[in-house]
Amino acid sequence: MPDTQIFIFDTTLRDGEQVPGCKLNTTEKLIIAKELERLGVDVIEAGFPISSPGDFKSVTEICKLVNEPVVCGLSRAVEKDIKVAAEALVHAKRPRIHTGIGTSESHIRFKLQTTPEKIIERAVAAVAYAKRFVEDVEFYAEDAGRTDNVFLARVIEAVIKAGATVLNIPDTTGYCLPHEYGEKIKFLKENVKGIDKAIISTHCHNDLGLATANSIAGLQNGARQVECTINGIGERAGNTSLEEVVMIIKQHPGLELYNRINSKLLCPLSDMVSEKMGVVVQPNKAIVGANAFAHSSGIHQDGVIKKRETYEIIDPKDVGADQSKIVLTARSGRAAIAYRAKEIGYNLTKLELDRVYSNFLLVADNKKEVNDQDLFVILKEQNVQGVSATA
Ligand code: KIV
Ligand code: ZN
């Protein structure tokens with residue numbers, strides 16, 4: 001059987017931009033949108049048009065700019081929202097309205113103060129209204145992660161009948177465990193009439209650090225679209241990180257899934273988003289963090305120098321990272337020192353390496369990281385001639 005295509009829905013410019021202090025202006029959004037198109041995302045969620053005139057303008061301009069991806073505008077299940085989203089999307093080559101409503105008990109009783117029956121009515125009315133403007137309508141069942149599966153199935157069946165083309169099942173609060181989220185998708189696949197007419201989408205938040213695991217569980221149980229952001233940014237603890245999902249799919253052919261992303265652009269785009277939003281990527285972030293391909297303990301360094309794959313499951317070139325880094329610290333061993341000395345032009349003999357190593361440890365115990373300049377000074381102090389590696 002051929003592998004199944006997974007559609008990558010990027011919401012960096014909508015859910016990602018909800019991060020406090022991450023506001024982007026229209027020019028910055030346009031630059032990122034063009035890069036997302038180059039990256040190969042299938043859908044760009046460009047914004048929430050009714051939320052502000054600035055967001056409306058950004059969505060409009062992104063529609064004019066990009067050609068390939070579907071451009072999506074968010075709305076609540078409210079006619080005015082939907083109409084404004086449709087207006088913002090008029091120039092899109094492939095427009096999609098994303099509308100929805102809360103379906104969990106907490107949303108129904110406390111936030112919306114209504115009844116389950118009224119929720120179904122409002123969901124159906126919103127989808128039907130959105131269909132007047134565009135063919136492609138995605139419905140989100142907000143807080144689906146904490147929604148009773150039987151009720152969720154009723155809502156989903158009703159919106160499919162009303163014409164929804166994509167069904168977003170958000171774990172809005174990041175509460176689900178991977179097996180629960182996977183079972184939720186499976187339950188919908190098995191119990192909703194007409195489910196095969198639409199695409200099921202995951203949208204997982206990271207409050208318990210499970211967003212990526214939950215999204216993958218969703219895909220393993222029949223979801224065909226993943227909603228995610230560059231660097232995993234988003235409301236509170238963030239969304240599923242695009243780079244993680246893409247590389248999991250790539251590194252695990254056994255999943256029998258594929259997507260259109262050019263993974264070599266992941267690190268450059270991560271840097272661009274981080275710089276434009278002013279949000280530093282944590283160094284130990286999977287795939288795109290500064291330390292994702294850095295090795296500092298002697299045991300690991302020795303293994304990587306002999307064969308990179310010993311401690312790296314991803315080739316840094318595949319994600320556009322410079323190269324594997326051998327970082328010299330007090331935990332480093334002789335192999336790493338010999339390797340880095342060679343990089344700066346010294347082929348050390350075994351005796352020279354022994355001399356340098358003791359001196360290196362004294363320096364390393366006082367410094368977090370021994371850089372090339374420090375190493376050069378140590379080599380000079382020890383009168384190391386070496387055999388010039390460049391000679
Ligand atoms: O997390 C969520 O439920 C959302 C919806 C608006 C799709 O972002
Ligand atoms: Zn969200």
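Along the chain, the donors of the zinc ion (ligand 2) follow the spacing D-x187-H-x1-H. The model is predicted: local features require pLDDT of at least 70 and side-chain atom pairs pLDDT 80 or more, while totals for chains, interfaces and linings use all residues. Residues are numbered from 1 along each chain as its sequence is written, chains are lettered from A and ligands numbered from 1 in the order in which they are written, and side-chain values use heavy atoms, with hydrogens and water left out.

**Zinc site**
- The protein donors are Asp15 (OD), His203 (NE2) and His205 (NE2), lying 2.1 Å from the zinc ion (ligand 2); donors are N, O and S atoms within 2.8 Å of the metal (3.2 Å for Na, K and Ca), and sites may look incomplete because water is not among the atoms.
- Asp15, in the loop between strand E2 (7–10) and helix H1 (26–39), and His203, in strand E8 (residues 199–204), are 188 residues apart and link distant parts of the chain; helices (H or I, at least four residues) and strands (E, at least two) are DSSP runs numbered from the N terminus.
- Asp15 is buried at a relative accessible area of 2%, and His203 is buried at 5%; buried means under 20% relative accessible area, exposed over 50% and partly exposed in between (1.4 Å probe, protein chains only).

**Ligand 1**
- Arg14 has a polar side-chain atom 2.9 Å from an oxygen atom of ligand 1.
- For Asp15, an N or O atom of the side chain is 3.1 Å from an oxygen atom of ligand 1.
- His205 places a polar side-chain atom 3.0 Å from an oxygen atom of ligand 1.

**Nonpolar cores**
- The largest nonpolar core has 88 residues, and those with the most contacts inside it include Leu36, Phe139, Ile169 and Val319; such a core is a set of buried Ala, Val, Leu, Ile, Met, Phe, Trp, Tyr and Cys residues joined through side-chain atoms within 4.5 Å.
- Helix H6 (residues 149–161) gives the largest share of this core, eight residues.
- Domain 1 (7–277) and domain 2 (294–381) both contribute residues, so the core lies between them; the domain bounds come from an automatic or database domain assignment.
- Another core, of 19 residues, lies apart from it and has Tyr346, Leu348, Tyr357 and Ile378 among its members.

**Glu157**
- Glu157 is found in helix H6 and is buried, with a relative accessible area of 18%.
- A polar atom of the Glu157 side chain lies 3.0 Å from the backbone nitrogen of Lys193.

Methods:
Polar contact = N/O pair within 3.5 Å; in protein donor to acceptor, adjacent residues only side chain to side chain.
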